[in-house]
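The sequence and model are shown first.

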Amino acid sequence: MGRDYYTVSKLTKTLKSLIEPGLTDIWVRGEVVGLKRHSSGHTYFSLKDKNTRINASLFKYKARFLKVLPKEGAE
């Protein structure tokens with residue numbers, strides 16, 4: 001009996017179709033950790049709470065619209 005495997009593309013497409021419609025305008029609160037500013041101007045970090053961590057990216061072209069840039073340890 002063989003297993004049905006998802007390709008990376010099929011899994012990504014399936015998850016996107018399930019999740020994306022409900023994420024039109026959300027706000028996420030967490031602590032900024034592991035902040036790294038790349039020479040390209042992009043910023044990479046994680047947002048964490050007591051139980052979970054998610055990776056995040058702030059691209060240079062979006063950062064110019066922010067009044068305050070993310071700082072290590074900030075909420």
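## Sheet architecture

The strands S1, S2 and S3 form an open three-stranded sheet in the order S1-S2-S3, paired antiparallel. Its edges are strand S1 (31-37) and strand S3 (53-58), each of which pairs on one side only. From one strand to the next, the twist averages 20 degrees. The model is a predicted one: local features require pLDDT of at least 70 and side-chain atom pairs count only at pLDDT 80 or more, while totals for chains, interfaces and linings use all residues. Residues are numbered from 1 along each chain as its sequence is written, and side-chain values use heavy atoms, with hydrogens and water left out.

Helices (H or I, at least four residues) and strands (E, at least two) are DSSP runs numbered from the N terminus. Two strands count as paired if DSSP finds at least two bridges between them.

## Strand pairing and hairpins

S1 and strand S2 (residues 43-48) run antiparallel and are joined by five bridges. Within this part of the sheet, Lys36 stands opposite Tyr44 in S2. The hairpin of S1 and S2 has five residues between the strands, and Gly41 in this hairpin takes a positive phi near 100 degrees.

S2 and S3 also run antiparallel, with six bridges between them. Here Leu47 stands opposite Ile54 in S3, and the hairpin that joins S2 to S3 passes through four residues. In general, the strands of a sheet pair through backbone hydrogen bonds, either parallel or antiparallel.

## A buried strand residue

Val32 is found in strand S1. Because its relative accessible area is 6%, Val32 is classed as buried (buried means under 20%, exposed over 50%, partly exposed in between, with a 1.4 Å probe and protein chains only).

The C-alpha atoms of Val32 and Ser46 are separated by 5.8 Å, although these residues are 14 apart along the chain. With residues up to four places away in sequence not counted, Val32 touches Phe45, Ser46, Leu47, Pro70, Lys71, Glu72, Gly73 and Ala74, where contact means heavy atoms within 4.5 Å.

Tyr6, Leu11, Leu15, Leu18, Ile19, Leu23, Ile26, Val28 and Ile54 make up a nonpolar surface patch of about 870 Å². Patch members have over 30% relative accessible area and no salt bridge; nonpolar side chains (Val, Leu, Ile, Met, Phe, Trp, Tyr) are joined within 5 Å, and like charges within 9 Å. Accessible areas come from the Shrake-Rupley method with a 1.4 Å probe, and for residues only the protein chains shown count as cover.

Helix H1 (residues 8-19) gives the most to this patch, with four residues. Leu18 has its place in helix H1 and counts as exposed because its relative accessibility is 64%. Trp27 lies in the loop between H1 and S1 and is likewise exposed, at 81% relative accessibility. The C-alpha atoms of Trp27 and Arg37, 10 residues apart along the chain, are separated by 22 Å.

## Salt bridge

A salt bridge is a side-chain nitrogen of Lys or Arg within 4 Å of a carboxyl oxygen of Asp or Glu; by this rule, the count is one. Glu75 forms a salt bridge with Arg29, with the closest N and O atoms 3.9 Å apart. The pair links distant parts of the chain, 46 residues apart: Glu75 is in the segment after helix H2 (60-63), and Arg29 is in the loop between H1 and S1. Both Glu75 and Arg29 are exposed.

Terms used: Axes fitted to C-alpha atoms, helices over the stretch in contact; angles between N-to-C directions.
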